[in-house]
Amino acid sequence: MFFDFTSLVIFAESQTEKKAALLFADEIKLRTAISPRITDKSSAFPCVRFVENKEIADKDCFVLSLNENTLTIEAVGIRGLIYGYAYFLRKIRVKNSKITLIKDISGSYSPDKKIRGHQLGYRQLNNTYDKWSYEQYRRYYLDIMYFGSNICEHIPYEKGISDKNELMLYDEEEFLIKASEMADELDLDVSLW
């Protein structure tokens with residue numbers, strides 16, 4: 001059974017829910033060129049509702065409930081809400097700005113592994129992502145979260161050893177601080193190798 005979410009409205013009340021709603025709206029606009037409306041009032045179908053649920057034990061878990069064309073995403077915080085809407089994004093088909101959910105995705109979801117991460121190295125030895133802007137790194141963080149990562153690991157800055165190459169847009173130490181701040185915004189854990 002397919003579910004039409006073409007003219008979806010996003011429902012969010014708390015600050016965390018609204019933050020998730022804004023991120024989700026950006027993803028819908030990226031795929032359809034249409035910005036969905038975000039509201040804190042009940043709305044007509046189709047609707048995606050974000051609900052912060054403090055009873056969910058782990059911030060890596062989320063619950064999806066589909067009732068006709070209303071999808072409710074429940075999680076304890078921003079990380080789980082991101083995982084929830086990312087699962088929705090992976091289960092939709094978009095064609096000519098029409099959004100179709102291809103199956104009922106209702107259920108409780110939790111990861112198999114506690115640590116699921118990716119290592120990044122903003123340093124002179126690379127020749128790829130050392131040229132990325134902060135916005136490109138933020139996008140990368142979201143992309144890895146959409147497939148379940150909960151941690152990013154960076155190569156630590158070593159004073160006197162780390163040098164900036166001609167491609168690097170930022171100082172390594174400055175970058176690590178900003179990258180950690182961006183990860184905090186998304187509740188993505190950070191470690192140093």
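The model is a predicted one, in which local features need pLDDT of at least 70 and side-chain atom pairs count only at pLDDT 80 or more, while totals for chains, interfaces and linings use all residues. Residues are numbered from 1 along each chain as its sequence is written, and side-chain values use heavy atoms, with hydrogens and water left out.

On α4, the buried residues (under 20% relative accessible area, with a 1.4 Å probe and protein chains only) are E172, F175, L176, A179, M182, A183 and L186. They take up an arc of only 130° around the axis, which means they sit on the same side of α4; the arc is that of the directions from the helix axis to the C-beta atoms. An α-helix has 3.6 residues a turn, so residues three or four places apart point the same way. The cover over the buried residues of α4 includes α1, α2, α3, β11 (151-154) and β12 (189-192). At the start of α4, a side-chain oxygen of D171 comes to within 3.1 Å of the backbone nitrogen of E173. After α4 comes D187, with a positive phi near 60°.

Zooming out, the chain has four helices and 12 strands, which are DSSP runs (H or I of at least four residues for helices, E of at least two for strands) numbered from the N terminus. Buried residues account for 47% of the 193 residues.

Neighbours within four places in sequence aside, F88 is in contact (heavy atoms within 4.5 Å) with F5, F24, L71, I99, L101 and I105.

There is also an open sheet of three strands, in the order β1-β8-β7 with antiparallel pairing; strands pair if DSSP finds at least two bridges between them. β1 (3-4) and β7 (92-95) are at the edges with a single partner strand each, so one side of each has no neighbour in the sheet. Between β7 and β8 there are four bridges, and K95 stands opposite K98 in β8.

Notes:
Buried means under 20% relative accessible area, exposed over 50%, partly exposed in between (1.4 Å probe, protein chains only). A polar contact is a pair of N or O atoms within 3.5 Å; within protein, one must be able to donate a hydrogen and the other to accept it, and residues adjacent in sequence count only if both atoms are side-chain atoms.
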